[in-house]
Amino acid sequence: MKPVSNVKPSPYAKPGSISGVRSAHPAQTRQPTAEEKRRAQRVLLRMPIVAHLAGKPKPVDGFTHTVSATGAMIILPEGLTQGTKFTLENPKTQQKVEVNVVRPPQMNQEGSLLPIEFLSPAPQFWNIIFPPNVN
């Protein structure tokens, strides 16, 4: 768009305020929130889980913090490094799914907070219905 050359600015106009390009409205250019960028909606749900770790003869008991159709945030007594793959079991349904630790664990008063994702889709693993994705 070419600026119009035969327009005289008002003596009250701020210098540089008349141009052919308008700035975008800030509400239209804001960054999406982490929740909006998330692939699947998280649901706060505390339920028991069992982690079957390679090289450990006994499974590790833990529980969920939040769950989604693609994974969860779980709490185990010990931390696992990012990239660790293991089998997660839902003891209520006896379903098992292969998972991957996606970020380093964060310690809290209950243990190690671990973000995990399913290696293959398992939307029914938690045995709950998730709200539809609005993204």
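This is a predicted model: local features need pLDDT of at least 70, side-chain atom pairs count only at pLDDT 80 or more; totals for chains, interfaces and linings use all residues.

Q: Fine. Are F125 and W126 buried or exposed?
A: Both F125 and W126 are buried. For F125 the relative accessible area is 1%.

Q: How far apart are the ring centres of F125 and W126, and how do the planes sit?
A: The centres are 4.8 Å apart. The planes stand at 80°, so the pair is edge-to-face; planes over 60 degrees apart count that way.

Q: What about F118 and F125?
A: Their ring centres lie 5.5 Å apart. With planes at 70°, this pair is edge-to-face.

Q: Is F118 buried or exposed?
A: F118 is buried, because its relative accessible area of 9% falls under 20%.

Q: Which residues form the aromatic cluster?
A: F118, F125 and W126 make up one cluster.

Q: How many aromatic pairs in the count?
A: Three.

Q: Switching to the core. How many residues are in the largest nonpolar one?
A: It has 22 residues. I74, L76, F86, L88, I116 and W126 touch the most other members.

Q: Which strands supply at least two residues each?
A: β2 (48-52), β3 (60-68), β4 (71-76), β5 (85-90), β6 (95-101) and β8 (111-118).

Notes:
Residues are numbered from 1 along each chain as its sequence is written. Side-chain values use heavy atoms; hydrogens and water are left out. A nonpolar core is a set of buried Ala, Val, Leu, Ile, Met, Phe, Trp, Tyr and Cys residues joined through side-chain atoms within 4.5 Å. Buried means under 20% relative accessible area, exposed over 50%, partly exposed in between (1.4 Å probe, protein chains only). Helices (H or I, at least four residues) and strands (E, at least two) are DSSP runs, numbered from the N terminus. Rings of Phe, Tyr and Trp (its six-membered ring) pair if their centres lie within 6.5 Å; planes under 30 degrees apart count as stacked, over 60 as edge-to-face and the rest as tilted.
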